[in-house]
Every structure is written in C-alpha cells, then in structure tokens.
Amino acid sequence: MQERAEGDAERPGRRVLVLNGPNLDRLGTREPAVYGARTLAQIMDALAAYGRARGVEVVWRQSNHEGELVTWIGESEGAFDGMILNPAAYTHTSVALRDALAGVRVPCVEAHLSNPAAREPFRHRSLTAGVCIGQVSGFGPESYRLALEGLMERWNAEGGGT
Ligand code: DQA
C-alpha cells in the first residue's frame, strides 16, 4: 500500500515553467476585446502569487521567436516539474514546438486566453495539444490558473510527481 500525505502537490519545491509565444508581450493593448485589458506581467505576477501560496515556484518567459521557445522547452527537463505553454499563433503552425514538447519528460498543459475553437477555422487545429497532458482555453487569465491546477492534480494522481 502506498501512503501519501494530503497536499503532496502543494509541498515546497515544485517548479513550473510558463512559456508564452508571439504577440503575448502586447497583451493589454493588443485586441483587448479578445484578450482582455491585463498585461502579461500582471497575469504572470498573479499566477506566481497563486503558485507561491501553494508551494509552487512559477518561472515565466515570453518570446516572439519560435526557436527560442524550442530551446527553452528543451532546457526544461530536469529543471521543472511541469510546464504551461501558450504557444499563441505557433499553436496552429509549429511542428518544431510539438517535437520539442514530445522530446522532454515534463508534463505540459496548453493554455489559451481565448477559445480558439470558437474563432476562425485556422485556429481550430492545435499541433501542440496532442503532446500535452491537457488544454485549457477560453477563460482569459484564469486559463493559466486552471492549467496550474491541472498540473497539481496530475502530481497528486502520480503520488508525488518527479
Ligand atoms: C491565443 C490564441 C491563438 O489563436 C492566437 O494566435 C494568440 C493567442 C490565446 O491565448 O487565446 O496569439 O493563444
């Protein structure tokens, strides 16, 4: 029988990498009717505070460059217990990001502010979701928090995680 204390996933020491793709540096001014009024820094700071209160360290980055995101994903193995990825437009185009995710043993949740499935047809396909443990879309900044909850659930289900 395996025993596990309640709240294992909340024990200190968990690290989550949050990666944000192109144009998300312009949140707050970019299409606010679609993406809201909050800046990426505001959203990430709130997520980091949410994680901190649960013993999870949130490290976040943003890049407009596909290769930089690929490099960061590759470097995540061994350094992070989980990943949240909003690939932005690369969701719909990037075999390179998909391959990078498939090549690391770091559970990843795909997150989107908007709900791509309810938008233009070219946004309906995600190349990256199939190599993630799950996807959260359409809840604005809350999508990131729900993605973090999903990772914590996964760690608990695995009985202690990495
Ligand atoms: C997005 C959705 C993508 O289709 C779009 O290209 C983005 C943002 C979102 O968070 O809703 O840049 O990933």
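Visitor: Why is G28 called partly exposed?
Guide: Its relative accessibility is 25%. Buried means under 20% relative accessible area, exposed means over 50%, and partly exposed is what lies in between, with a 1.4 Å probe and protein chains only. At 25%, G28 therefore counts as partly exposed. A word on the basis: this is a predicted model, in which local features need pLDDT of at least 70 and side-chain atom pairs count only at pLDDT 80 or more, while totals for chains, interfaces and linings use all residues. Residues are numbered from 1 along each chain as its sequence is written, and side-chain values use heavy atoms, with hydrogens and water left out.

Visitor: Where is G28, and how far is its C-alpha atom from that of A96?
Guide: G28 is in the loop between β1 and α1. Helices (H or I, at least four residues) and strands (E, at least two) are DSSP runs, numbered from the N terminus. From G28 to A96 there are 68 residues along the chain, and 28 Å separate the two C-alpha atoms.

Visitor: What makes E31 worth a look in terms of phi?
Guide: Its phi is near 35°, which is positive although E31 is not a glycine. Most residues other than glycine have a negative phi. E31 belongs to the loop between β1 (14-20) and α1 (32-35), and its 43% relative accessibility makes it partly exposed.

Visitor: And what is the phi of A88, and is A88 buried or exposed?
Guide: The phi of A88 is near 55°, again a positive value in a residue other than glycine. With 12% relative accessibility, A88 is counted as buried. You will find A88 in the loop between β3 (82-86) and α4 (95-102).

Visitor: How do you know which residues surround the ligand?
Guide: A residue is near a molecule if one of its heavy atoms lies within 4 Å of it. The ligand is surrounded by R30, Y35, N86, A88, A89, H92, H112, L113, S114 and R123. This shell divides into four nonpolar, four polar and two charged residues. Here Ala, Val, Leu, Ile, Met, Phe, Trp, Tyr, Cys and Pro count as nonpolar, Asp, Glu, Lys and Arg as charged, and the others, Gly among them, as polar.

Visitor: How much of the ligand does the protein bury?
Guide: The protein buries 99% of the 320 Å² that the ligand exposes when taken alone. Accessible areas come from the Shrake-Rupley method with a 1.4 Å probe; for residues, only the protein chains shown count as cover.

Visitor: Why is S76 called buried?
Guide: Its relative accessibility is 0%, so S76 counts as buried. S76 is part of helix α3 (residues 66-76), and its side chain reaches the backbone oxygen of I73 at 2.6 Å.

Visitor: What can you say about S63, buried or exposed?
Guide: With a relative accessible area of 2%, S63 is buried. S63 is in the loop between β2 (56-62) and α3, where a polar atom of its side chain lies 2.9 Å from the backbone nitrogen of H65.

Visitor: Why is G150 called partly exposed?
Guide: G150 has 29% relative accessibility and therefore counts as partly exposed. G150 is found in helix α5 (residues 142-157). Its C-alpha atom is separated by 7.9 Å from that of G134, 16 residues apart along the chain.

Definitions and conventions:
Polar contact = N/O pair within 3.5 Å; in protein donor to acceptor, adjacent residues only side chain to side chain.
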